[in-house]
Amino acid sequence: PPSSQNNEQGSTLRDLLTTTAGKLRLGSTDAGIAFAPVYSTGTASGKSGRTMPNILDDIIASVVENKIPPNRAPKINVKSEIKEEPKDDKKSIQDDCSKRYSDIQYSWICDKHVLWLRDHKNTNNWKLFKECWKQGRPVLVSGMHKKMNFSLWKAESISLDFGNQQADILNCKDSIISNTNVKEFWDGFEDVSKRQKVKNGETALLKLKDWPSGEDFKTMMPARYEDLLKSLPLPEYCSPEGKLNLASHLPGFFVRPDLGPRLCSAYGEGVAATKDHDIGTTNLHIEVSDVVNILVYVGIAKGNGVLSKSGVLKKLEEEDLDDLLRKRLKDSSELPGALWHIYAGKDADKIREFLQKIAKEQGLEVLPEHDPIRDQSWYVNKKLRQRLFEEYGVKTCTVIQFLGDAIILPAGALHQV
């Protein structure tokens, strides 16, 4: 509006997006963009229509045109605007937190990279979480299962209620997806003798692919959906109605990603039994939104060829673990259920380059459009993780997720499970 051109104060980007929103045709997939261009564009080939503009250039041009009069140059005092970061960022954060948050039970793990909140009931957790979240670091909150109705999440309970449903099931050993009855998956969850066999007679290592997800989850499993929502850690951030949950407060004209929830279920002990730990149930990938993952149930499989609990613990101890995680493994009240490897988003390009190099070494065709992270085509085993550190200086953050642990990851963080 003309009035905004004379107003040099205010939130320029907010003003721009709000005024731009009015130009949207709601529900339109025109040009496949989240908001309309600032300027109308010409017609192509004499037909009415809109070409794809350079959205960023348009936004910048409009902000500059509307907010800075041509006869006045912007005054920017760089020194006064930018504060110097402390040299030892990790140390300064920890020292500061130990003084300010003495009422919160917490530890630092993974070479001080991950915050572990040990008392899920503390209502002040979010204050310390905020300090860590500003640094883009993962956070672990333990004990969430104590708030949940555990009987709802047992394998036999889900099988009994939903066994007749059809879903996509992935065999993690050969990446073959099949559509089958969900009961087949759950019957073999803790009884190895009931698991599918593949061509060579090996037992299939199955994963239910995001079943159910999003609105289907809420519609199909209302009791479990409510149980999950009331048990979310740090509700100020993680609850759909959380006052600090950015996604809940975005204007309606933004296109949101699928924010779930979704149920991820997989057989796990086959991974621990492989020689080089080179099969995962979730390959290395990036989520486009922040994610909270709660381990709601851990099954103890029985049958031939399955490692005992002590055998699984021994395999996990071979990982490059933090001392506090090793201590948790020895605690008989704790039940480990998932092994995570996490990388900072800033290392994505190095990891991508490394995986392309490994692919060439293995004689695989590397196409220009191929992206090993986007395609989720790699589980980075122990030997490769060591090479990644030696050749590119990228260190792996290894986390064991125990029953009831919530792992909260910032968008852009790479991880495999």
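**Close-up views of a predicted model**

**View 1. Strand β12 and its two partners.** Ala406 and Ile408 of strand β12 (residues 406–409) point one way, Ile407 and Leu409 point the other way, and all are buried (buried: under 20% relative accessible area, 1.4 Å probe, protein chains only). In a regular strand, side chains alternate between the two faces of the sheet. Strands here are DSSP runs of E with at least two residues, and helices are runs of H or I with at least four, numbered from the N terminus. Strand β3 (residues 139–141) runs antiparallel to β12 and is joined to it by three bridges; pairing requires at least two DSSP bridges. Four bridges join β9 (residues 291–294) to β12, also antiparallel. Ile407 is the bridge partner of Leu140, and Asn293 stands opposite Ile407.

The model is predicted: local features need pLDDT of at least 70, side-chain atom pairs count only at pLDDT 80 or more, and totals for chains, interfaces and linings use all residues. Residues are numbered from 1 along each chain as its sequence is written, and side-chain values use heavy atoms, with hydrogens and water left out.

**View 2. Surroundings of His120.** His120 lies in the loop between β2 (114–117) and α6 (125–133). His120 is buried, with a relative accessible area of 14%. The His120 side chain reaches the backbone oxygen of Gly143 at 3.4 Å. Beyond neighbours within four places in sequence, His120 is in contact (heavy atoms within 4.5 Å) with residues including Asn125, Val141, Ser142 and Met144.

Conventions
Buried < 20%, exposed > 50% of the residue type's maximum accessible area, 1.4 Å probe, protein only. Polar contact = N/O pair within 3.5 Å; in protein donor to acceptor, adjacent residues only side chain to side chain.
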